[in-house]
Amino acid sequence: MRSRILIGLLLGAVGGLIGWLLQENLIHYQSTVVRDVLTGNCIPVPQTMTQTRTFVFCVGGFIGLFLGLIDGIVEGNGRKLGQGLVLGAFAGIVLGFIGYQIGQVVYAFVADTSGGDSGVFSFTRQVVARSLGWAFMGLGLGIGAGISTRSPRRILNGAIGGFIGGLAGGFVFDMVAKTALPLSAVAGASGCQEVGGASRAIGIPAIGALTGFFIGLVDELLKQAWVRVLSGRNEGKDFILSKAMNLLGRDERCDVPLFGDTSIGAQHAAIRADGNRHVLIDAGTPSGTIVNGQKVDPSAELLLRDGDMIQIGSQRILFREKATQSRVASSPVDAPRAKPAVGSGVSVPAHVCPYCGAPKKADGSCLCTLDAGGAVQGGFASPPAYDPMTNYGGQPPQTAPSSPIMGVQSALPSRIVGTEGAYYGQVFPLNPNAPELSVGREPGRDILLSAEVTVSRNHARLAIENGMLVVYDLASANGTFVNGIRISAQPVSVGDTVQFGASKFRLE
C-alpha cells in the first residue's frame, strides 16, 4: 500500500509539472499586472475567463489525468489504466474548474485585497485564503481521481485527500511567493512586472504531488478490508475492497484480477461488504474456492476474518480486515502449525488408538491404556515427536520402526489419486517396501508435483512407522492438510484425503 501512496505523489508531481509548463506558455501573465494611473502603484488585473479556462485545462486536466493512472499502474491492469486516464482527465478539468471557481470566491472573501495593510495579519489572511482556494480545486481533483475507480468510498477518500493536498499546496504556493518577492524587480524601465512565476513553478507541482500523496494516505487510513495476492502474476500486490461487491477472477474488469490460470473463472468469486465485516461468495465454478483448506459451498456465504487464506486455482490470496484484526490472533500464514495434543479435536482414523497410535484389536479396543497419571501403558510405543527445525530430513529414531509390521501391512494405502488441482485424476503408487517417500516440486522427489506452484520444493514426506503411513509436513509455505485440517504430522489410512498446497489426493 505504501507503493500506492508513493506512486500517487510522483504522478501528481509529474502532472503538475506538465500542467505548469503548458499554462506558463499559453497565458500571458505580464498582462495581469498594470500601473495605476492615479497612484502609480502596480496593481493586479483579474484573470479573464479564457485565462482561467486555460489554466484549469492545463493544471486540472494533467493532474487529474496522472492521478487517474494510479490504480492501473499499481495493479498492472491495462483496462484500468486507460479508464483512469480518460475519466481522470475529464473529471480533473470539469471538477477542477468548479473547485477553482469556488476557491476564487473563498479567496476573495478571506484575503485582504484592500492593500492597506501589509503586516503579519494581512499576510496570514492571504496565506489562509490562498490555501483554502487551492483546497477546493484539490477537492475537485480528488473526486475526479476517485470517480475513475467507480467506488463511492474511494470518491469520498479522494475528496478528503484532495482537499488536504490542495490546502498544503496552497500554503507552499504563498510561502514561495513571499520568499521570491524580495528577489524580483517589481518595477523597472518597462513598468510593472508579474512575479508569480516562481510560486507557480514550485506550487503547482507541489499541489499535484500533495494531492496524490494525501489521496493515497486517506485510502490507507480509512480502508476497511483489502487482499494481498501471494502467488500469480499480481504477486505481492494489494487490492482495496472498497465496493459493496468486489469481484475476483480472470476478467480484467474484476476488482481483484487473477491472471495466468485457466482454471480460474472470469468472475470466479466475490467478497461482499456486510457492515464492517465481509463475506465470500463462490460463483459455482468447477475448481471452486478454498478458504483455510476448506472448500466453500457455492450455495452459502462464508464470513471472513483477518488472516484467512483464500485459494483460487493456483493463486493464494491473503484476506485482511480491520474489524477483526485486533480481536482475532491468527498464526502466521506461512508458518506450520504445531501438532495438536491428544484430545484436542483432531480427527484420528477409526482403526487407530488415540493414545499410542497403534492399530486397535479385532474387537475395537486399544492395545494400550492410560494410567492415573495419564501415561500410556502397554501397546506399541508412540513414535517420538519430531522437531520440524531439527529432525526433518533426518533418519527416524531406532524406537520408531520404519518397516511394515506383519499382520497390518494390508491396511496401508497402495496409491494416492488426484481429486482436485493440477493433478486431478493422476495416480502415484506408494511402494510398501520404501520406508519413506518425499513430496515436492523439486526434481528428485519421489512424488514430483512440479506443475503445482503452491507446493514447496521439499514439501512433505510419507513414512511407514509402527505399521502405519504417517504424513509429515516439512515447514512448507502453504501447508499440508489431512481431511481439511492443517497438520505437522498425522497418521493416515485408506479413504483419507491429503492436500499438498492446492492439490488434493485420496489414499487408496
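Guide: Let's start with a word we'll need: a residue is buried if its relative accessible area is under 20%, exposed if over 50%, and partly exposed in between (1.4 Å probe, protein chains only). Keep in mind that this is a predicted model, where local features need pLDDT of at least 70, side-chain atom pairs count only at pLDDT 80 or more, and totals for chains, interfaces and linings use all residues. Residues are numbered from 1 along each chain as its sequence is written, and side-chain values use heavy atoms, with hydrogens and water left out.

Visitor: What makes A135 count as buried?
Guide: Its relative accessibility is 0%, and buried means under 20%, so A135 counts as buried. A135 sits in helix α5. Helices here are DSSP runs of H or I with at least four residues, strands are runs of E with at least two, and both are numbered from the N terminus.

Visitor: Which residues does A135 touch?
Guide: Leaving out residues up to four places away in sequence, A135 touches G162, F163, G166 and L167. Contact means heavy atoms within 4.5 Å.

Visitor: Why is strand β22 called largely enclosed?
Guide: Six of the six residues of β22 (residues 460–465) are buried, so the rest of the structure largely encloses this strand. In a regular strand, side chains alternate between the two faces of the sheet. In β22, A460, L462 and I464 are buried on one side, and R461, A463 and E465 are buried on the other.

Visitor: How do you know that β22 and β23 pair?
Guide: Two strands pair if DSSP finds at least two bridges between them. β22 and β23 (residues 468–473) have six bridges, in the antiparallel sense, so they pair.

Visitor: What joins β22 to strand β20?
Guide: Four bridges join β22 to β20 (residues 436–440), and the two run antiparallel. Here E436 stands opposite A463.

Visitor: Why are α4 and α5 called roughly antiparallel?
Guide: Axes are lines fitted to C-alpha atoms, for helices over the stretch in contact, and angles run from 0 to 180 degrees between N-to-C directions. Under 35 degrees counts as roughly parallel, over 145 as roughly antiparallel, 65 to 115 as roughly perpendicular and the rest as oblique. The axes of α4 (residues 78–110) and α5 (residues 120–147) come within 7 Å and cross at roughly 160 degrees. That is over 145, so the helices are roughly antiparallel.

Visitor: Why are β6 and β12 said to stand at the edges?
Guide: Six strands form an open, antiparallel sheet in the order β6-β5-β15-β14-β11-β12. β6 (238–240) and β12 (294–295) each have a single partner strand, so one side of each has no neighbour in the sheet. Inside that sheet, five bridges join β5 (residues 225–229) to β15 (residues 315–321), and R228 stands opposite L318.
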